[in-house]
Protein chains: 2
Amino acid sequence: MAKEKKMVEAITSMEEDFAQWYTDVVKKAELCDYASVKGCMVIKPDGYALWENIQNELDKRFKETGVKNVYMPLFIPESLLQKEKDHVEGFAPEVAWVTHGGLEPLQERLCVRPTSETLFCDFYAGDIHSYRDLPKVYNQWCSVVRWEKTTRPFLRSREFLWQEGHTAHATAEEAEERTIQMLKLYADFCEDFLAIPVVRGQKTDKEKFAGAEATYTIEALMHDGKALQSGTSHNFGDGFAKAFGIQYSDKDNQLKYVHQTSWGMTTRMIGAIIMVHGDNEGLVLPPKVAPTQVVIVPIRQNLEGVMEKTLEVKDMLSNFRVKVDDSDKSPGWKFSESEMRGIPVRVELGPKDIEAGQAVLVRRDTHEKITVAIDEIPAKVGELLETIQHDMFERAKAHRDAHTYDAHSLEEMKDIADNKPGFIRAMWCGCQECEDKLKEEVGVTSRCMPFKQEKLADTCVYCGKPATKMVYWGKAY
Amino acid sequence: MAKEKKMVEAITSMEEDFAQWYTDVVKKAELCDYASVKGCMVIKPDGYALWENIQNELDKRFKETGVKNVYMPLFIPESLLQKEKDHVEGFAPEVAWVTHGGLEPLQERLCVRPTSETLFCDFYAGDIHSYRDLPKVYNQWCSVVRWEKTTRPFLRSREFLWQEGHTAHATAEEAEERTIQMLKLYADFCEDFLAIPVVRGQKTDKEKFAGAEATYTIEALMHDGKALQSGTSHNFGDGFAKAFGIQYSDKDNQLKYVHQTSWGMTTRMIGAIIMVHGDNEGLVLPPKVAPTQVVIVPIRQNLEGVMEKTLEVKDMLSNFRVKVDDSDKSPGWKFSESEMRGIPVRVELGPKDIEAGQAVLVRRDTHEKITVAIDEIPAKVGELLETIQHDMFERAKAHRDAHTYDAHSLEEMKDIADNKPGFIRAMWCGCQECEDKLKEEVGVTSRCMPFKQEKLADTCVYCGKPATKMVYWGKAY
């Protein structure tokens with residue numbers, strides 16, 4: 001009983017302490033656990049099932065655009081990591097180093113991949129010869145390691161799971177097209193599948209990926225008004241190609257450098273799902289990504305006929321991901337548990353319901369109760385799941401829009417940053433100095449220069465010089 | 001053109017040099033490539049697609065038995081690895097050690113997981129409290145690292161991909177049942193899906209897993225007469241539970257140790273597919289695991305109507321994994337390429353065929369050509385794929401049976417080992433000394449004590465003392 005009790009003990013309310021609320025949900029919805037290696041995590045079945053659903057859907061969408069999966073080694077020799085100057089500067093301070101294999105010291109240190117640009121480049125240098133070998137549109141699913149100082153489950157951990165796509169193209173145009181295509185794919189995935197609205201845009205030079213010419217990003221707003229970078233897509237131009245000597249002979253028999261891209265999405269999206277949709281009862285899962293979409297809770301399950309009817313209803317729902325909770329816990333416990341786990345629809349079925357030929361459906365997102373005839377359960381559940389998915393997106397979008405503020409002056413920006421958590425839209429001159437100052441004085445970073453630009457003012461919110469871009473600023477995870 | 005040429009250059013014949021034939025197939029069928037880290041490999045799209053098919057099918061079969069996927073950290077602290085004495089002795093000599101995180105030395109060395117028993121045990125010790133928490137039937141898909149001295153693509157590499165299942169049970173009986181269940185699942189998978197017949201049995205104490213009470217194995221015979229251990233399932237009893245303190249309070253309120261199992265299958269199965277089914281034209285893939293089941297090769301594709309009909313036939317075959325080779329290579333190149341890649345069925349379609357309303361189907365496994373009416377292609381292809389899958393298994397089984405020999409004396413055993421590559425069945429007294437001597441003098445290791453025992457003689461083939469078991473012996477990868 002100790003375990004059950006923990007499940008339904010109230011969690012910290014998000015208004016009181018959002019960080020503690022997050023940790024409570026992660027633990028009590030049994031998504032992950034701490035591991036004996038500091039900063040690493042054990043992803044438990046319900047957490048991993050979320051990742052599997054993310055993975056399956058993304059993988060399907062990737063393959064529809066011609067992506068092929070491959071697998072590169074876990075280790076990168078130090079000399080290989082150092083081939084691209086900006087890249088090594090960006091990553092060397094946070095990699096884990098292997099120095100011994102078996103009982104012997106290695107001749108050259110190997111780093112555990114923090115990302116695999118250098119490995120893909122090394123491979124492409126040997127594998128690409130002619131224009132006929134292009135494009136290469138490869139992806140891998142794997143874990144990567146970054147030796148972070150402060151860590152939080154899913155959001156920032158020393159090891160995390162992700163996919164990393166790495167492509168090589170004949171022309172700069174084609175590379176740019178692929179970069180944008182993948183960012184759009186990520187954005188659509190987040191909005192359609194995870195019900196998380198995102199702002200699409202470009203990172204400033206300061207915030208772009210180490211070694212990239214341009215980094216595009218999708219930025220989501222969490223319930224506490226902080227931003228979460230949710231997926232990035234990088235155009236490398238021919239920088240890596242020159243560093244690694246990746247050339248092809250074109251139709252005109254000229255040797256040319258390829259143009260490359262990379263793009264990734266990680267297990268931090270599980271953190272995003274929690275922080276965008278969760279409430280004070282726990283997790284709230286969008287139906288499309290929910291490992292269990294419907295839980296059926298029989299009431300007085302030992303009475304004759306109750307379990308029979310429960311299993312009958314389960315069979316009627318075979319088009320959905322459905323579970324029966326026939327444990328010997330009380331219905332009250334089971335309700336709380338299903339809410340903590342974020343299961344979108346609960347079906348309550350007791351002897352009186354059965355007698356009346358009906359059941360009660362409960363929406364996780366709104367707690368709304370709907371009584372329906374047993375025959376109509378499958379149709380109603382299908383409809384409800386669609387409605388919930390739709391409403392969750394709309395709710396998240398309304399929240400995001402209500403927490404997006406325009407700042408026309410530095411004073412106004414400081415006031416918003418101090419008092420109204422959310423995105424701040426403000427004009428910028430384009431120089432890094434202003435960006436640094438805004439971080440120092442206002443405590444915000446540039447999240448992105450959105451594709452959808454608006455002219456809020458003529459001048460930079462910091463320096464007053466002519467503005468070149470409207471930027472989304474914010475505090476971020 | 002350089003690339004195409006390489007594709008259809010003859011590969012080394014397997015009769016001449018089996019090891020070189022294997023390497024040639026791996027390279028020319030583009031399954032994998034060497035990486036800049038010695039002993040590691042780049043798994044290319046066609047190799048990885050094989051692994052994805054293996055993974056999807058195994059994962060489906062696992063889940064049908066109640067398995068849940070999780071993810072454990074990549075790193076194991078040295079102190080954790082040392083908790084189970086036999087286990088650390090077995091693995092410590094071949095692990096890679098991380099000694100630095102970022103710019104600083106670690107306080108405790110971390111090994112890159114060679115297998116994750118210790119991590120699962122550490123997790124279970126904190127997660128299992130009551131009989132209600134049992135059984136735990138968890139699995140993970142990941143890569144592991146073993147610092148091998150000599151390596152070969154897929155068969156033995158310093159990093160490989162696998163799944164590792166780790167379960168905890170209330171009773172010894174239940175653990176033994178799960179161990180056997182998973183071995184049976186592996187055996188069925190190999191035979192049904194990969195068309196590879198296997199011998200099911202138990203490892204001797206000498207060959208069992210470090211820390212296990214009993215290891216069960218499936219052993220396959222490669223075309224060259226060498227054995228390949230293809231999947232293992234271990235019963236740990238309560239040894240790890242005692243070392244890690246994994247206890248639960250039972251219904252009678254007594255604290256008891258759990259009983260554990262683990263089981264794994266790896267990317268070496270890709271090596272098995274190559275070495276069981278391949279021939280001197282290259283790879284031969286069983287239809288169920290083949291990434292592409294049917295390739296359509298249009299002949300004189302620039303003539304009017306040929307590509308139209310080709311695409312029409314492709315649409316008719318949408319129930320299968322089908323590709324059209326419309327590259328500008330000659331039909332001859334395309335035929336060789338499809339053979340090298342092991343695609344089970346080739347459809348040849350030229351202007352004369354189209355005029356006659358027919359096409360030619362070619363079986364990869366037998367090279368048999370069958371002319372069929374275009375309308376009948378889908379039905380015939382479906383039938384052919386089933387026949388090929390069936391025939392490939394029967395052929396492999398006939399080969400295995402024809403290369404399984406009984407030895408009644410040491411002399412006979414030496415003669416077989418020297419002259420007839422294959423499995424050698426012989427009686428054994430059960431002591432490790434004889435096993436060591438057979439390795440030394442005959443050059444064979446015990447592959448398994450098969451579940452299906454036969455009494456070939458009363459005495460041990462080596463020492464002449466009373467025999468306790470019939471054993472499969474052989475040279476092995």
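Me: Is B:Cys142 buried or exposed?
Reply: In this predicted model, B:Cys142 is buried, and its relative accessible area is 8%.

Me: How many disulfides does the structure hold?
Reply: Over all chains there are zero disulfides. B:Cys142 is accordingly in none, and the nearest cysteine sulfur, 12 Å away, belongs to A:Cys142.

Me: Turning to helices, how do helix 2 and helix 9 of chain B cross?
Reply: Helix 2 of chain B spans residues 18-28 and helix 9 of chain B spans residues 268-277; their axes come within 11 Å and cross at roughly 115 degrees. The crossing is right-handed.

Me: Which residues make that contact?
Reply: Helix 2 of chain B contributes B:Phe18, B:Trp21, B:Tyr22, B:Val25 and B:Val26, while helix 9 of chain B contributes B:Gly271, B:Ile274 and B:Met275. By type, seven of these residues are nonpolar, one is polar and none is charged.

Me: Which residues are buried in helix 11 of chain B?
Reply: In that helix, residues 331-340, the buried positions are B:Lys334, B:Phe335, B:Glu337, B:Ser338, B:Glu339 and B:Met340.

Me: What follows helix 11 of chain B?
Reply: B:Gly342 follows, and its phi is positive, near 80 degrees.

Me: Over to chain A. Where does A:Glu213 lie?
Reply: A:Glu213 is in the loop between strand 9 (199-202) and strand 10 (214-221) of chain A. The residue is exposed, with a relative accessible area of 52%.

Me: What does A:Glu213 touch?
Reply: Leaving aside residues up to four places away in sequence, A:Glu213 touches A:Lys208, A:Asn235, A:Phe236, A:Gly237 and A:Asp238. Its C-alpha atom is separated by 18 Å from that of A:Lys184, 29 residues apart along the chain.

Me: Which UniProt annotation covers residues 45-286 of chain A?
Reply: The unreviewed UniProt entry annotates them as "domain: Aminoacyl-transfer RNA synthetases class-II family profile". Over those residues the chain is 33% helix and 32% strand, with the end C-alpha atoms 18 Å apart.

Methods: Residues are numbered from 1 along each chain as its sequence is written. Chains are lettered from A and ligands numbered from 1 in the order in which they are written. This is a predicted model: local features need pLDDT of at least 70, side-chain atom pairs count only at pLDDT 80 or more; totals for chains, interfaces and linings use all residues. Side-chain values use heavy atoms; hydrogens and water are left out. Axes are lines fitted to C-alpha atoms, for helices over the stretch in contact, and angles run from 0 to 180 degrees between N-to-C directions. Helices (H or I, at least four residues) and strands (E, at least two) are DSSP runs, numbered from the N terminus. A crossing is left-handed if the near helix is turned anticlockwise from the far one by less than a right angle, and right-handed if clockwise. Contact means heavy atoms within 4.5 Å. Ala, Val, Leu, Ile, Met, Phe, Trp, Tyr, Cys and Pro count as nonpolar, Asp, Glu, Lys and Arg as charged, and the others, Gly among them, as polar. UniProt positions are given in the numbering used here, feature names are shortened, and annotations may be inferred rather than shown by experiment. A disulfide is a pair of cysteine sulfur atoms within 2.5 Å. Buried means under 20% relative accessible area, exposed over 50%, partly exposed in between (1.4 Å probe, protein chains only).
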